[in-house]
Every structure is written in C-alpha cells, then in structure tokens.
Amino acid sequence: MSEHHTGRYYCSYRSPAGWSENSDPLELVMTGAYSQPSLSALPSPAVTSGGNVTLQCGSWQGFNSLQRTGASFLGLKCPTEKPVLSAWPSSTVTQGEHVEIKCHSHFGSDTFWLHKENGALVPEIQDRMFQNSFILGPVTPAHAGTYRCSKGVVPSAFSDPLDIVITGLYGQPSLAAQPGPMVKSGGKVTLQCGSEIMFETFILILEREGISRGMLRLSGKPGEGASQASVTVDPMTPSNSGTYSCYGCHSHQPYEWSAPSHPLELVVTGESAPTCLRPLWDADQMSEDWGALGGGVKGGDLYKKPSLSAQVGSVVWPGENVTLSCSSESPFGLFYVVKDKETDGLRLPAAQGHNGRFQADFLLGPVTHGGTYRCYGMYSTFCHEWSTPSDPLHLCVTGNSSSSCPSPPEPGLRTSE
C-alpha cells in the first residue's frame, strides 16, 4: 500500500446494453504517512452530561481534518477549505482541442491529484500527481465525464465535481424561434431544436457577452427529420434575451455532445424598464434548469421608439438610391433597420446631431423592390433589449408592372411619424 493507491474508488459492470451506473464511492485511506499529531480535550476529557468540550488537534504539518476512530466518524474541519477544480477557457471543449485543468486551494502545496469518476479511463491522469495545472488534450470522447481533484501528497478532501463536456461528435442540430426572434416584452416565443439524428436529449445554452448564463436540458421526441424538442418562454423578459445555441446528445453519453447549432439572437423589444446598463444575472440565483422561465421587471417603456424616414421620399423610381434615417431623442448607441419580417437587418452606430437627436443613416443602394421597414434602438452590441419599433415605413418602387405606387413625390423628406 502506498500513497498512489489512495483515493476514491467506484465500480461498474458492462453488459450488452452498455455500462451500469457507478457504485457508491469508497474512500481508501493510507495512515502513517506523517508523524502523529497531538490531541487534547479542553477543559478536560471528563465531561458532565450536557456540558461542552473542545477537542484540539495540533501538528507542525498542514493537516486539514481531524478524524476519530471508533463506532462513529467525526469530521472536525480546521480553518481550511476543500479545493476548487476549474477548467480554462471552458469545461465545454470541442473535440481535438485542449483545456487547462487547475486545482485551487488557499492551503497546502501546489500539487494535486485528478480523479475521473465515470466513463472511460484516462491514462494520462492515472496514478499521477500534477503541479499547479494540467493541460488535457487533444480531447477525445474518452475525456468526457466528471472530475474531482484533491491536494497534497496524500489526497485531502475532494473538490466539488466538474463536468468536462466534449462537443463536435455529431452534426449540428437546428435552432429556430417561433414566431420570430424579436419578441415584445411580456409576449411569448417558442424555441425549437431539431436534428436528423435521434437524440434523446437536447441542451439549450444561453449566453450574454460571451459568457454562459444558463443551460436547459430538453427531452428529444420523434419529429420532422428524426428528433426535436421545444420550450416556450412566457412571458418574455430581458433576462431571457441573449444568444442561444442548441446541442444534442444520447442519454447514455450525457457528456458527449454534437456540434452547436448556428447561434440564435433572441431580442426583447419595448414595454419594460431598462436593465441593459446594469448586471442582469446573479450567479447565486442561477440553476441548471433556470427554474421557471420568466419573471423580470414590468411596467414602463424600455426606450422611447425611434422615428424612421426616407430622405428622398417613400415612393421612388427603380434603381434609385435610397437612404433611410433612424433617429431618436434617447441616447442609443446603435440603430437596427429590418425589412418586412426578415430576421437579418442592418446595424449601424448612432451619432448625435446638432439638434441633439441621435441618428444613423442606412444606404440601401439602388432599389428594385419595395417593402415595409422598421427601425429599433439599442444601447450596445451586447444588449439584447431593443426599443419598441418605429412606425412602419412603406417604401414603394414605381414603374414596375406589378407596382401600384403613385407617381414619385416632389423632392423632400417624408417621415413615418
């Protein structure tokens, strides 16, 4: 028996149906690695029933727990804490990439042990002690699973579990928002993941400013293609806005995911107090399943709606250059113009004019077809809270055989207000 054999052990069996669940953990401990500490009872080992006694364990070495032998087990924590296991840049890693594993502690040495609790064995961490950090990779499906770390030559308390997820093992699913990705505050939207692969589970990830803000697991069901899953956000609030991605996985391989779907930007518009300029998320309130999708601030307008105008008028000749001007009294940093029910529009920074209004001019170029345009205001690129849309501007191209536009007006500026 040596320190290399200590640690947390599990067992499992394999059948034609796959691997079983792990057994309950078994802690294997080696004693005698250090000189014995001292133990005393204050004020005395003779204690009256109902009285108090303090057990004091002392040593010149950095022990982090006191244990009593006998019929019961006593864990008396010294002023230390269990280590913290982290992965950089993320615990979600694309197949073939690398991830840095660190085991943090304010106590003891920089050496640590890394333990994998499920799935395939990882030879590069077996019976090895690491200094400061460890680069895992290039990762394969074998690296997917739950990890813990412990500090010191003889393993101490274990860290909380850290799940390492490997992505890119299957083709990307699709992700759509119905009826659309721009949702009025208090409205509702359905997010739908789908795949040609029969996934039992879909994972929906919400990000804001490049940081993961929430994860929701959805049960896959047979649908168009092979499998699909959906969730309805009701009511829509600023806390539900952001960039969404969808992954798929099989139930017996929960840490082996597909490639991500194309990102979907979900935007909340109007009818809510502005929250974009202050932190939206409290990490202590986050949960893996978000709890109930909803909540948020109600009442008031998010921002006053901007106005939209066409500098040459709303009726133009085919091939004529058209510039749309979006402006507002609110200090928006960006304006966004979208045509009809399209989801991809034009985005430009705003500039403050001599009249004090904030404005952006969108050059559409030579136009051949008309349409209905609206513009929105927002404060920053990372803000998924937009203003109420402007009144619609109907741009009509005259001269086409299918056009019912009147003759172009005299030069001038016609607004949609």
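Let me start with contacts, meaning heavy atoms within 4.5 Å. Among those in the protein chain between residues at least 6 apart in sequence, 64% join residues at least 24 apart.

Now the ground rules. This is a predicted model: local features need pLDDT of at least 70, side-chain atom pairs count only at pLDDT 80 or more, and totals for chains, interfaces and linings use all residues. Residues are numbered from 1 along each chain as its sequence is written, and side-chain values use heavy atoms, with hydrogens and water left out.

Secondary structure next. The protein chain has 36 strands and 0 helices. Both are DSSP runs, numbered from the N terminus: helices are H or I with at least four residues, strands are E with at least two.

Then the surface. The protein chain has an accessible surface of about 23200 Å². Carbon and sulfur atoms hold 52% of that. The areas come from the Shrake-Rupley method with a 1.4 Å probe; for residues, only the protein chains shown count as cover. Of the 417 residues, 37% count as buried. Buried is under 20% relative accessible area, exposed is over 50%, and partly exposed is in between (1.4 Å probe, protein chains only).

On to salt bridges. How many does the structure hold? There are 5. The criterion is a side-chain nitrogen of Lys or Arg within 4 Å of a carboxyl oxygen of Asp or Glu. I'll take three of them.

One joins Lys82 and Asp160, at 2.5 Å, N to O. Lys82 sits in the loop between β8 (75-77) and β9 (84-88), and Asp160 in the loop between β15 (145-151) and β16 (162-167), so this pair ties together parts 78 residues apart in sequence. Lys82 is partly exposed, with a relative accessible area of 40%. Asp160 is also partly exposed, at 44%.

Next, Glu117 and Arg148. Their side chains meet at 2.2 Å, N to O. Glu117 is in the loop between β12 (111-116) and β13 (129-131). Arg148 is in strand β15, and the two are 31 residues apart. Buried or exposed? Both Glu117 and Arg148 are buried.

Glu329 lies in the loop between β28 (321-328) and β29 (334-339). Arg357 lies in the loop between β31 (351-352) and β32 (358-366), and the separation is 28 residues. Glu329 counts as exposed, at 54% relative accessibility. Arg357 is partly exposed, at 23%.

Last topic: aromatics. A search of the whole structure gives 9 aromatic pairs. Rings of Phe, Tyr and Trp (its six-membered ring) pair if their centres lie within 6.5 Å; planes under 30 degrees apart are stacked, over 60 edge-to-face, and the rest tilted.

Take Phe112 and Phe130. Their ring centres are 5.7 Å apart and the planes stand at 40°, so the pair is tilted. Phe112 is in strand β12 and Phe130 in strand β13, 18 residues apart. Both Phe112 and Phe130 are buried. Ring pairs also bring in Phe134, linking Phe112, Phe130 and Phe134 into a cluster.

How far apart are the ring centres of Tyr376 and Trp386? They are 5.4 Å apart, with planes at 55°, so this pair is tilted. Tyr376 is in strand β33 (residues 371-378), Trp386 in strand β34 (residues 385-386), and they are 10 residues apart. Tyr376 and Trp386 are both buried.
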